[in-house]
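Please open the model in a viewer and keep the sequence panel at hand.

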Amino acid sequence: MVKLIDVHGEPIVVDPVEETSNIGELKHRVAIALGKRTSKITLLCGEKVLSDTRRIHEVAPLPDTEITVVIGKKAEQKVAFVDTEIGEPLTEVVEFPIQRHKQSSLCTMM
């Protein structure tokens, strides 16, 4: 099994995962162990960011390979536009500038 460490070199203990599993599964286990969302976790081997679809044995062929766990910053809160009739978020909001000295108009696509 690979060694998981944080950016300070401290070990991170997770439930065992098969070497043939993908990085996404390892990232999921790290997220559970740290109580974080998977989207906030980035795994590095050396200076390379590991892709979720790669297999563990492809990126870390030696059993003592160190993988560094980086936790991302708190996500920026974004404004969400919702269709009030059906209660679902709008797919896309595009801003069209009208004139330089006036406010822009918004066009929504569903």
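Begin by selecting R29 and E25: they are four residues apart in helix α1, and therefore separated by about one helical turn. Helices here are DSSP runs of H or I with at least four residues, strands are runs of E with at least two, and both are numbered from the N terminus. The model is predicted: local features need pLDDT of at least 70, side-chain atom pairs count only at pLDDT 80 or more, and totals for chains, interfaces and linings use all residues. Residues are numbered from 1 along each chain as its sequence is written, and side-chain values use heavy atoms, without hydrogens and water.

The side chains of R29 and E25 form a salt bridge, at 2.7 Å from N to O. The term denotes a side-chain nitrogen of Lys or Arg within 4 Å of a carboxyl oxygen of Asp or Glu. R29 is partly exposed at 24% relative accessibility, as is E25 at 26%; buried means under 20% relative accessible area, exposed over 50%, and partly exposed in between (1.4 Å probe, protein chains only).

Next, select K27 and D52, whose side chains meet in a salt bridge of 2.9 Å, N to O. K27 lies in helix α1 and D52 in the loop between β3 (48–49) and α2 (56–59), so the pair ties together parts 25 residues apart in sequence. K27 is buried at 11%, whereas D52 is partly exposed at 35%.

Finally, select R54 and E58, a salt bridge with its closest N and O atoms 3.2 Å apart. R54 is partly exposed at 38%, and E58 is partly exposed at 41%.
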